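Here is a short briefing to read with the model open beside you. It begins at the ligand and then moves out to the sheets and the chain as a whole.

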Amino acid sequence: MKRFVAEITESVRLYGDTHLLWFDATDVAGATPGQFLMVYIGEGEDPLLGRAISIHRLREGEHGPEFALLFDVVGRGTRWLAERRPSDGVEMVGPLGHGFEPDARAQRHLLVGGGIGAAPLVWLADDLAAQGREVTLILGGRTPAQIFPAELLHPSVELVVATEDGALGERGRVTAPFERLLSWCDQAFACGPEPMFEALWNVARDSGLRKPVQGLMEARMACGLGICYSCAVFPRQGGVKLVCHDGPMFELKDLYG
Ligand SMILES: Cc1cc2nc3c(=O)[nH]c(=O)nc-3n(C[C@H](O)[C@H](O)[C@H](O)COP(=O)(O)OP(=O)(O)OC[C@H]3O[C@@H](n4cnc5c(N)ncnc54)[C@H](O)[C@@H]3O)c2cc1C
Ligand code: FES
């Protein structure tokens with residue numbers, strides 16, 4: 001983990017209110033899918049707290065390795081970030097947290113993303129698919145404007161889309177295809193809003209299949225470094241966990257079981 005300034009190589013509004021930034025990647029070597037960066041936004045006398053953003057994916061750029069951030073423009077910080085242009089520098093700290101832990105023996109992987117929860121799953125899907133492992137990615141959103149473009153996924157990833165308005169894929173939430181596909185997979189991974197995790201956990205528990213499901217939790221984060229306790233969560237088993245330090249990846253059975 002280190003503090004660094006990354007230079008933007010590409011900036012694009014990819015779909016809906018979702019923006020994609022590519023950066024030179026010299027400082028994130030060794031990061032794994034599910035890890036995040038604290039991104040320091042604002043300038044000069046108007047600095048803001050860091051914003052936690054997952055590393056979205058990696059690529060080989062024109063001048064060397066690059067990493068991407070994919071984010072929804074929801075407030076002041078993400079708006080500032082979306083206004084940055086190529087060759088601008090952005091200050092960051094990371095890579096932070098514990099990412100997904102795919103079991104080396106697993107062959108079939110079920111990934112479930114709600115809205116912008118797709119961001120870190122795309123990299124996990126890239127990684128698993130590049131190793132020749134099977135990946136089915138379920139993406140859900142209220143409307144098609146929240147769905148990551150299918151053509152940008154690794155070609156061997158199987159995509160299932162569920163939208164609440166039914167305008168793309170099947171009508172409804174991600175829980176229905178998750179229930180249908182759970183028996184197919186060896187391991188499942190999820191990222192999205194907390195109610196989605198609870199719904200997935202209920203399906204996984206009621207199925208009696210005992211499939212391991214890892215979820216990437218979101219929480220309001222002030223420091224990202226285990227100091228301020230703003231990201232504390234309280235698993236049902238008791239105790240307190242810090243999303244930035246103990247997570248953001250948690251086994252859903254540890255949170256809700
Ligand atoms: C580990 C981690 C990884 C994340 N990865 C991504 C990512 O890859 N892409 C992405 O778009 N977002 C991601 N987020 C959420 C992101 O941090 C917030 O959307 C961002 O901080 C909003 O900043 P802002 O200044 O634009 O909005 P603000 O003005 O601070 O807030 C705007 C709205 O977003 C809500 N909000 C702000 N922060 C969070 C948060 N941490 N969790 C839930 N709601 C929040 C606020 O309640 C408010 O309604 C991640 C969060 C965590 C903790
Ligand atoms: S964000 Fe400060 S302890 Fe987690």
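Strand β4 gives the most to the shell around ligand 1, with four residues. This is a predicted model, in which local features need pLDDT of at least 70 and side-chain atom pairs count only at pLDDT 80 or more, while totals for chains, interfaces and linings use all residues. Residues are numbered from 1 along each chain as its sequence is written, and chains are lettered from A and ligands numbered from 1 in the order in which they are written. Helices (H or I, at least four residues) and strands (E, at least two) are DSSP runs, numbered from the N terminus.

**Around ligand 1**

- There are 20 residues around ligand 1, and Ala52, Phe71, Gly75, Gly77 and Thr78 come nearest; a residue is near if its C-beta atom, placed from the backbone, lies within 6 Å.
- Two or more shell residues come from each of β4, β6 and α1 (76-82).
- By type, the shell holds eleven nonpolar, four polar and five charged residues. Here Ala, Val, Leu, Ile, Met, Phe, Trp, Tyr, Cys and Pro count as nonpolar, Asp, Glu, Lys and Arg as charged, and the others, Gly among them, as polar.

**The antiparallel sheet**

- Seven strands make an open sheet with antiparallel pairing, in the order β4-β3-β7-β1-β2-β6-β5; two strands pair if DSSP finds at least two bridges between them.
- At the edges are β4 (50-54) and β5 (57-61), each of which pairs on one side only.
- Neighbouring strands of this sheet are turned by 40° against each other on average, direction ignored. Axes are lines fitted to C-alpha atoms, for helices over the stretch in contact, and angles run from 0 to 180 degrees between N-to-C directions.
- Helix α2 (residues 118-130) packs on this sheet and touches β4, β5 and β6 (64-72), with its direction at about 65° to that of β5. Contact between two residues needs their C-beta atoms, placed from the backbone, to lie within 7 Å.
- Strand β1 (residues 2-15) pairs with β2 (residues 18-24) over six antiparallel bridges, and Glu10 stands opposite Trp22 in β2.
- Six bridges also join β1 to β7 (residues 89-96), again antiparallel; Lys2 has Gly94 of β7 as its bridge partner.
- Strand β3 (residues 36-40) meets β7 over four antiparallel bridges, with Phe36 opposite Leu96.

- Strand β10 (residues 158-163) and β11 are parallel and share two bridges; Thr163 is partnered by Arg171 in β11.

**The chain as a whole**

- The protein chain has five helices and 16 strands.
- Its C-alpha trace spans about 55 × 45 × 35 Å along the principal axes.
- The radius of gyration is 18 Å, which agrees with the value near 18 Å for a compact globule of 257 residues; it is taken over C-alpha atoms, and the globule rule is 2.2 Å times the number of residues to the power 0.38.
- Of the 257 residues, 42% are buried, meaning that 20 or more other C-beta atoms, placed from the backbone, lie within 10 Å of a residue's own.
- Among contacts between residues at least 6 apart in sequence, 63% join residues at least 24 apart.

Note on methods. Buried ≥ 20, exposed ≤ 12 C-beta atoms within 10 Å, placed from the backbone.
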